[in-house]
Amino acid sequence: MKKFVVLISGNGSNLQAIIDSQKAGNINGQICGVISNKANAYGLVRAKNANIPTFVFSRKDYESNLAMDLAIAEQIESLGAELIVLAGYMKILTPEFTQRFDGIILNIHPSLLPKYPGLNTYQRAIEAGDSEHGTTIHFVNEEVDAGAIVLQAKVPIYPNDEVEDIMARVVEQEHKYYPLVIEWFCSGRLVANGDKAYLDRKALSPTGYAED
């Protein structure tokens, strides 16, 4: 059974979905720690309620981003984690960190990448007049919101939608599919090799395993 850590910065709703999926026996892996860069992140409460060790690393306690990432890396390795799951971790990782853990960092992003990397994806989709939005689960490389795409799930955008309406649909998909992708990794079905992701030894398309 693979061990994995989850990195958060806020509410931790995806973390809760992962915890619930693990408890239900749908992930053949174990969360060995939850790491946050915000001491007041509610996700830490979720972790403690599930008896998962928590760790806080605040930027103000380190002389540089690199020093902080190195400290986090040491913590991850001391826990014996074989996978790093970013679930609303709102801090850009240094290249040294992503290189150290190449091929074992997953992230979830609320857009259909390569569309709308970065922040405010829902508002940007509305302003562009898009008819659909969604979420992307991908491996992490040195570029922001880049790396091999594993899975995308789409949701519709209706003419009178507000940001909150689209967000609710996207979050529902995230809670469904992020635990699934983690299970793929933990069971050995999903691997990254260079700039490609492979599921059951078959290369996924550039847009990953798409779900409409």
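User: What does K91 touch, leaving aside its neighbours within four places in sequence?
Analyst: K91 is in contact with N37, N65, M68 and D69. Contact here means heavy atoms within 4.5 Å. This is a predicted model, where local features need pLDDT of at least 70, side-chain atom pairs count only at pLDDT 80 or more, and totals for chains, interfaces and linings use all residues. Residues are numbered from 1 along each chain as its sequence is written, and side-chain values use heavy atoms, with hydrogens and water left out.

User: Is K91 buried or exposed?
Analyst: K91 counts as buried, at 14% relative accessibility. The cut-offs are under 20% relative accessible area for buried and over 50% for exposed, with partly exposed in between (1.4 Å probe, protein chains only).

User: Where is K91 placed?
Analyst: K91 is in the loop between β4 (83-86) and α4 (95-100). Helices (H or I, at least four residues) and strands (E, at least two) are DSSP runs, numbered from the N terminus.

User: Which residues does UniProt list for "binding site"?
Analyst: The unreviewed UniProt entry lists M90, K91, I92, L93 and N107 under that name. They are spread over 18 residues of sequence but cluster in space, with a largest C-alpha distance of 12.0 Å. The lining of the largest pocket includes M90, K91, I92, L93 and N107. A pocket, on a 1 Å grid over the protein atoms alone, is an open set of points where a 1.4 Å probe fits, with protein on both sides within 12 Å along at least five of seven lines; lining residues have an atom within 4 Å of a point. UniProt positions are given in the numbering used here, feature names are shortened, and annotations may be inferred rather than shown by experiment.

User: And where is N107?
Analyst: N107 sits in strand β5 and is buried, with a relative accessible area of 10%. Leaving aside neighbours within four places in sequence, its contacts include H138, D145 and Y178.

User: Backbone next. What is phi for D145?
Analyst: Phi of D145 is near 55°, a positive value in a residue other than glycine. Most residues other than glycine have a negative phi, and most peptide bonds are trans. D145 lies in the loop between β6 (132-139) and β7 (149-156) and counts as buried, at 18% relative accessibility.

User: What about N51, buried or exposed?
Analyst: N51 is exposed, with a relative accessible area of 71%. N51 has a positive phi of about 60° although it is not a glycine.

User: Which peptide bond is cis?
Analyst: The bond from L113 to P114 is cis, with omega near 10°. P114 is in the loop between β5 (105-109) and α5 (121-127).
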